[in-house]
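This report describes the local surroundings of selected residues, and then the pocket and the overall fold. Please consider the sequence and the structure below.

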Amino acid sequence: MGVTGTLEYFSELLSSVKKSKKKKQFQTVDLKVRMDCEGCELKVKNALSSLKGVKSVDVNLKQQKASVTGFVEPKNVLKKAQSTGKKAEPWPYVPYNLVAHPYVAQVYDKKAPPGYVRGTEDTAITTLSTVEEQYTTMFSDENPNACSIM
C-alpha cells in the first residue's frame, strides 16, 4: 500500500464526510385543513404535490384531511399547506379504539370525524381512579369473585 492507497483512503474519507447529510425518512404526514369546496381541495392538493420528496397526496374534503406520503418533513408540509391561505394544523385526532376513555371532556370532540376522538398525552385522563377501577373490575371476566349477570 503506497501513496495511491493512502490517497484513495483519504478521498473516500472526505467523500463520506460530505455525504453525512441527514436523510429524510419515508413517512406519512396528516393535516387538518379547512376546505370549503372542490376548488379548495384542488388548490391544497396541487400545493402539497409540489413539495420535494412527495410520493403521493390524498385530500379528503369530507373529513377536512390531507395526507402526504414521501420523504418530507412535517413542518415543511404544514408551512406549504398554510401558504395556500387555508387554516391548517397537524391532524389532532386518533381512532376511537386507541383511547382508554373516549368520552372524557378533554378527549371527546364534536367536530371530529366519525370514529375519531382528539388525541391527548395527558396521563391523568387515561388512568382510572380507584372508584372507576372498582366498577370496571366488578364485572370483569378476569376477576374470579366478580358478579356475573346473565
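In this predicted model, the backbone oxygen of alanine 81 lies 2.6 Å from a polar atom of the threonine 84 side chain. The model is a prediction, in which local features require pLDDT of at least 70, side-chain atom pairs count only at pLDDT 80 or more, and totals for chains, interfaces and linings use all residues. Residues are numbered from 1 along each chain as its sequence is written, and side-chain values use heavy atoms, with hydrogens and water left out.

Threonine 84 is placed in the loop between helix 3 (74-82) and strand 4 (88-90); helices (H or I, at least four residues) and strands (E, at least two) are DSSP runs, numbered from the N terminus. With a relative accessibility of 9%, threonine 84 counts as buried, a term for residues under 20% relative accessible area, whereas exposed means over 50% and partly exposed lies in between (1.4 Å probe, protein chains only). Apart from neighbours within four places in sequence, threonine 84 is in contact (heavy atoms within 4.5 Å) with Lys43, Val44 and Ala47.

Aspartate 109 belongs to the loop between strand 5 (93-95) and strand 6 (116-118). Its side chain makes a polar contact of 3.0 Å with the side chain of arginine 118. A polar contact is a pair of N or O atoms within 3.5 Å; within protein, one must be able to donate a hydrogen and the other to accept it, and residues adjacent in sequence count only if both atoms are side-chain atoms. Residues up to four places away in sequence not counted, aspartate 109 touches Tyr93 and Arg118.

Beyond four places in sequence, proline 102 is in contact with Tyr96, Val107, Tyr108 and Val117. Lysine 75, by contrast, is found in helix 3. Glutamine 64 occupies the loop between strand 2 (54-60) and strand 3 (65-71), and has a positive phi of about 60 degrees although it is not a glycine. Most residues other than glycine have a negative phi.

| Residue | Relative accessibility | Class |
|---|---|---|
| Aspartate 109 | 17% | buried |
| Glutamine 64 | 16% | buried |
| Proline 102 | 11% | buried |
| Lysine 75 | 56% | exposed |

**The largest pocket**

The largest pocket has a volume of about 310 Å³. Of the 15 residues that line it, the closest to its centre are Lys32, Gln63, Gln64, Tyr93 and Lys111. Strand 1 (26-33) and strand 4 are the elements that give two or more residues to this lining. At least three lining residues come from each of domain 1 (27-91) and domain 2 (97-148), with bounds from an automatic or database domain assignment. On a 1 Å grid over the protein atoms alone, a pocket is an open set of points where a 1.4 Å probe fits, with protein on both sides within 12 Å along at least five of seven lines; lining residues have an atom within 4 Å of a point. Grid points are joined across faces, edges and corners, and the volume is the space filled by probe spheres set on the points.

**The chain as a whole**

The secondary structure comprises 5 helices and 6 strands, in the order α-β-α-β-β-α-β-β-β-α-α from the N terminus. Of the 150 residues, 25% count as buried.
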